[in-house]
Every structure is written in structure tokens, then in C-alpha cells.
Amino acid sequence: MSDTTDTTASDTGKRDTGSGLAVVSKAVAHDSAVKHVTGTAAYVDDIREPAGTLHVAPGYANIAAGRITTLDLAGVLRAPGVVRVLTADDVVAVNDVSPKEAGDEPLLAAEQVTFHGQVVFAVVAETRDEALRAVRKARIGHAPSMPVIDVDDALAGDAKVLPDYVFERGELDSEMKRVPRHLKGEVRVGGQEHFYLEGQVALAVPGEQGEMLVYSSTQHPSEVQEVVARVLGLQAKDVVVETRRMGGGFGGKESQATQWAALAALAATRTGRPCKVRLDRDDDMIMTGKRHDFRIDYEIGCSRTGVLRTVQASLAARCGHSEDLSLGVVDRAMFHADNAYYYPVVKITSQRLRTNTVSNTAFRGFGGPQGMMLPERIMDHIAFETGQDPLDIRKQNLYGDVGRDRTPYGMRVDDNILPELVEQLETTSDYRARRAEIDAFNASSPILKKGLALTPVKFGISFTLIHLNQAGALVHLYRDGSIRLNHGGTEMGQGLFVKVAQVVAEEFGADLDQVRITATSTDKVPNTSPTAASAGTDLNAQAALIACRAIKDRLYAFIKERWQVDREQVVFRDNQVLVGNQTMSLGELATAAYVDRVSLTATGFYKTPDITWDREKVAGQPFFYFAYGAACSEVIVDTMTGEMRVTRVDILHDVGRSINPAIDIGQIEGGFVQGMGWLTAEELVWDSAGRLMTHAPSTYKIPTASDVPADFRIELFESGGNRADSIYRSKAVGEPPLMLALSVFSAIVNAIVSLKPAVMPRLDAPATPEAIMRAIRATGGR
């Protein structure tokens, strides 16, 4: 039996967070890197299928809103290979796969259709091809109604999934009357398809006495377990969910993976055979949620020199047909609607709008990127209206000392390193000289225009749903000195597993190859949180460290009893254990402890300390710390066609004391490019009937290798480490770099402004060539 240790960061003891580390802080390759590039990494679809495995394909009605009048599946049942067809009547218990048991997301729609692509039936067949072909034979009668498609439709009809929410400080109306300069504006921020390389997939294998084993490509195995149990009328103990790795997630497999796992499990229950669901790319894009798109309206007041005095803004988000995670996503947009800037008097209102489109969901940044568009737009607007350099406006509005250090939600920014970081990047990117060169170029170039922007990022780290800030881990030390590691985090290519393994290897003084990483499974570590909010390493590495220390505490006690050596005289390093004046291998110590009947297995539990949030009172400290960064981007725009190219990017990003610099730099590169795609190329288009028109790579354009800037410079900021007691004083790096790409958008705006200075262009995101041309024409530049 393993012991469980429950602690918080303040209990984790002293550790060397500087020099002398053997494994932590080293640039180690991703644990699956070779497997990734050789095609040998096993994903759910690569698992050897059990004998008799059936395949499931979903079917839907060709409307976005309305009532199903008839469902004729006779032709489907007669199709070759079909074993069964599932409808809402086949659901064993509760026909709901919503993450909060809201009852607004049926596994299989029964009478009402609320978005185009909503699953009405599912075909279970001997092969995937037979299932897909049989789906087309369904005949669905329907009485369509007028769908609500976009934000403007929903605002006009006051259609909402949740009540409005407000952050407010100060007397806005009276202060607005006193400020010398007022500015108003609006910007539309588009959504984004996750476009993970591995689509939604699940394999369900029925066991004895109603048990169900589900292999799922999910960021949240515990939620899949809960939802599968809900649909099948089981308890959590009867369902095991396992995830070894995902081929990308980006938030799209946090809540959205549950439906496909539940559908596979329902088919397995009804047929008694293993069943697999794997969506093809078109169905995946049609049936699963995206990043929320926003309409942002603002009115600000500032001094004559551009220092903000008042900010009033409305964030209206298209949430889709159901709630899903929209409460938290839009809240986080509000939490980051200040980005790095102090708002003395502020009112930020959010609206969560219901539309007849697929329910939007988590996406890297979880609303933060959309929220940050507001302040960066404001900074540019002030700069162009006042004729100042946008960087100067940004610098004078940054958070500062006491009196300028409170966010709109009341939290103090007491770890602010942005003034120093921005100053350093301004120097290393040669911003001022390049600005002068670009101004000269634009003055002499009538068609091609260059733009330059340096924008900061301040991103809060923690789940704002406070109870999610917890993690568990399970560690076994074997008699040969090898170690087996399991924890509640999931690997989606971001390098979480290797970082946690580095922490475990460091703690035991072992080589990294002595640590075996194992698949996340609900029967090993229960009640886990999703791997999201950039908190995967912060939470799971701490839990693993605590488990390691529980085992070491027993070993110290054993050493004291056997050799009368105090723990201060024991050192674990180089796969050896120095016990006073003698040396033994870790395996020899483990064997001796085993013979003395000492437990060599432990669970660790960690909960993030010092965080609170009362949503009703708009009070607390929702974040453990902030991650900071800045990017300087240069673009060139063809004002005759709207085509744009990013020519150079300089990034300086704060990761505290990096656990693995190679992984962290990779995350910065990938996050930036993904953000660049969101802001410049990835456009989601629905027709007037509510059908997604951009549901394949032929019509939806993600960045390619040729879009990566040829001159791409990334440096890690030497900060001395996180001020918060995070794992080895490191900082999260999964989401913050995506928002560095706002510098690209601002650089495009800067290029357009050169056509007609002092006029703020009406440029919406994504800044596709068409959008750039619209902005140019609207300003009278062409």
C-alpha cells in the first residue's frame, strides 16, 4: 500500500534552484521525439484493435436549427456490414455529455437540432468504410427554423447562454467628463479551428460486469470517465480511461473529446463488442467547437500625452448552441482585457451569446488572447491619434508601483518585470533604428509598406475555477533502482511528460533513462484536472516531487536505523547514494530497504497555494503568478493586393528558471506561429443557413513552414526565477507565447497607417489579404 502525502508549495522543502542540477534545467529532447519523426509513436488509432472491433460513424441533419419530423434509418440498417444504429432511445441513462451536467449537450439529439453537424444517430458497422457509407443512406425529415448565426444576430435577439458579467472600478461617467481626450472603436476577433494532427478518436472495450475501458485522445481523462459513466448509468469505479499521448489538443480535447468516447462506449455496451470512433477531418471540423470569436467595443479617456484614465469596453462572445466552457473562457478574456496596462477607472462587460453554431470551447489561451486584443488595439489607437510611437504609449501605460498596480478585478501585480523586459527587447531588437529605417522606406515606397510593433504579454497562471488547481502523482522505486512514474497530466506534444520525469530523476539522483513514463489512467491517479491553463508542469511536477520525497523520507529513516547516518549526510546523485563515508547504487539501497520491508511506492498530492476567487464579489487573487514576455515583429504589406509577409520576429520571454530550455523554446516558437495563424490567415466562414464552409485544409488556411519568419529570434529572459514558489522556480510556457503574435497584428496596422497617418484603420482579425484591403479602402488609403 502506498502512502499519500498532501502538501502545498510552502511544504515542499528546500531545493537547489540554481546551479548543481544534473537533469533539471537541461535541454533534453522530448521523450517521444524520435517516435514522432519516425512514425512509431502510438496514438489511439494505432492501438492493436481487439478481435471483433466495430466502427462507429455519426450522422446529422442538414439544418442548423429546427425540429426533426421523421428519422428513416431503414436504408442504413440494410447497408452492408451494419450491426446496429444508435439513436437517443439507445442511451442507457442520461443523454447529456456537457461538462457541467447542464443538460444542453445531448449525446444524440432526439427532436430538436440546434446546430449544423449535431449528431442525431450513429452507425455501428464491421468496418469504418461501411459505417461511413451507411450514414449517407439515412433519410431525415425536418422543419427548419431561422438560425441565429453570428454575434450581431444574437445581440439583436438578446440570445444568451449565461448572464452578463462585469468588472468595474471607479466613477466612470464623472471621470469621462474630466478627461481631455476621448476615443471610440470596435474590433472583431475571429475564432480558430484547433486543427490538431490527430483528430477526435476513442476506442471502448467492454469488460466484466459492465466495466468499460476507454482509450481516449483527451486532455481530461477524469471528465471522460465521468461522462461515460453518466451516459451508461455506471459509477466512476466501473470506467477506466487511458491516454498515452495526443497528436495535439490545444484545448479542443478538454471537453469536446467526451462525446466521442461516450458514443464508442454506448456502442460497445449495446453490442457487447469493442467499438471505435474516429472522425474524419471534415466531420471533426463541422462537429467540434472552436476558439470563441468576439465583437469588442470600447470607449476610452486619456491624457493629452496618451496616459489612460478611463476604459469602458464590451466583450461579446459567440458561444454557440450550449454553455460548454464559455463561462470560464469569457471570464479569462475579461481577466486579460488589461494585458499589461493599468486602467485607473474601468468597466468591462461581457456577454455570452447563444447561436445555432457548434458550441465554442477551450483553445490555447482560453479567452486570454481575445481579451488582449482590446488593450493592444487601444494602445495603437491612442498612438495614431496623437502621432506618437505606439511603443512609447505602451511603455507609459504599463503597470507600475503602488497606486498603479491593481488589475480591474482587484489583484495586485507584485511580480511585474515587464518594464525591464520591454526595455531589453527594445535594445536587442534595435527597435528605434529600425523604426527610422521603416519610416524612410514607407516614405519612398508607394505600394509596399512596412510595419513594426513591439507588444508585451502579461498572462495569469492558474485555473480561475479554483478547485481545479490540484494534481496527483504515483511513483514506484524498484529494487534495481529504476523508477516508474504516473500522474494526472496528459501529453499532447507539449513536453509535459519529459519535464515531470526530469524532476523525478533529479530528486533521486538518477539518469533520465531510469524513469519510465506511463500513460495517464484514471485507475492510477483519480479525480484529475484537465491538462490546461498552462498549469500542467506546475501541478503535476509538484505532485511527483512530493511522491518522490515521501519515498526518500522512508529511505532516510531506514538509513538512520541501519547505518546511523543522518539525512544531512546522505546524497543522491549519479545513480549512486552517498551514505556517510560509503557509496552504494540506488538499486542496492532500494533492495536493502525492500528486504527491511520499507515501502518504495508513494502517491503525492499538490494544491496551488495562495489563490482565491469569489466570482460573485469580483474579489480575490485568482492567479499564482504572471508569465511575461514581449515580441517585436516586422511585416511588409502589398497595398494593392493585401498580401502580407512577416519578415522578422524578436521574442524575449520569461519562463523563470527553465526546467527544459529546449522544450520551452519549442513552445514559444509553436505558440507564436499558431497565434500568427489565428490573427492573419485562419478564417472561419458560415453561410446564412448555419453551415460551416471552411471545413477542410482546402478552404481553411493554417500556417505552413513558409509562413514562419525567416529571421526568427527567441531568447529566454534571465529573470532569476519565479518569485512564486513554483517547481524549481520555473514558469508556465504553454499559452502565453501565443499572445506574442499580437505584435504581428499591430505591425500590420502600423503599415496601413503609413498610408494615411493619424487615422486608425478598421482592421479586424484575422488580417487576411481581403481584410487588409477592406481596411486600406476604409481609411481612404487606396
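Which helix does Leu-679 lie in? That one is picked up in the Leu-679 legend below, where the answer is helix α17 (residues 661-680).

**Before the close-ups.** This is a predicted model, in which local features need pLDDT of at least 70, side-chain atom pairs count only at pLDDT 80 or more, and totals for chains, interfaces and linings use all residues. Residues are numbered from 1 along each chain as its sequence is written, and side-chain values use heavy atoms, with hydrogens and water left out.

**Figure 1. The whole protein, for orientation.** Count up the secondary structure and you get 19 helices and 30 strands (DSSP runs numbered from the N terminus: H or I of at least four residues for helices, E of at least two for strands). The radius of gyration is 27 Å, close to the 28 Å that the globule rule gives for 782 residues, so the protein is as compact as a globular protein of that length. That radius is taken over C-alpha atoms, and the rule is 2.2 Å times the number of residues to the power 0.38. The C-alpha trace spans about 80 × 75 × 50 Å along its principal axes. Of the 782 residues, 61% count as buried (under 20% relative accessible area, with exposed meaning over 50% and partly exposed in between; 1.4 Å probe, protein chains only). Take the contacts between residues at least 6 apart in sequence, and 81% of them join residues at least 24 apart (contact means heavy atoms within 4.5 Å).

Figure 2. Leu-679 sits in helix α17 (residues 661-680) and is buried, with a relative accessible area of 0%. Setting aside residues up to four places away in sequence, Leu-679 touches Met-373, Ala-741, Leu-742, Phe-745, Ala-765, Pro-766 and Ala-767. Leu-679 and Pro-766 are 87 residues apart along the chain, with their C-alpha atoms separated by 4.3 Å. Look at the loop between α18 (742-753) and α19 (769-778) to find Pro-766. The peptide bond running into it from Ala-765 is cis, with omega near 5°. Most residues other than glycine have a negative phi, and most peptide bonds are trans.

**Figure 3. Two loop residues with positive phi.** Phe-195 isn't a glycine, yet its phi is positive, at about 50°. You'll find Phe-195 in the loop between β9 (181-189) and β10 (201-206), and at 14% relative accessibility it counts as buried. Ser-462 isn't a glycine either, and has a positive phi of about 155°. Ser-462 belongs to the loop between β17 (448-461) and β18 (470-477), and it counts as buried at 2% relative accessibility.

**Figure 4. Two alanines of helix α7.** Ala-261 lies in helix α7 (residues 258-271), and Ala-267 is placed in helix α7 too. Ala-261 is buried, with a relative accessible area of 0%; Ala-267 is buried, also with 0%. Leaving out neighbours within four places in sequence, Ala-261 is in contact with Ala-202, Val-214, Ser-216, Val-224 and Val-228. With those neighbours left out again, Ala-267 is in contact with Val-56, Leu-86, Val-124, Gly-272 and Cys-275. Ala-261 and Leu-162 are 99 residues apart in sequence and 27 Å apart in space.

**Figure 5. Arg-434 in helix α13.** Arg-434 is found in helix α13 (residues 431-444). Is Arg-434 buried or exposed? At 5% relative accessibility, Arg-434 counts as buried. Neighbours within four places aside, Arg-434 is in contact with Ser-429, Leu-452, Cys-632, Glu-634, Arg-648 and Asp-650.

**Figure 6. Helix α9, mostly covered.** Helix α9 takes in residues 326-335, and nine of its ten residues are buried. Among them are Val-329, Val-330, Asp-331, Arg-332, Met-334 and Phe-335.
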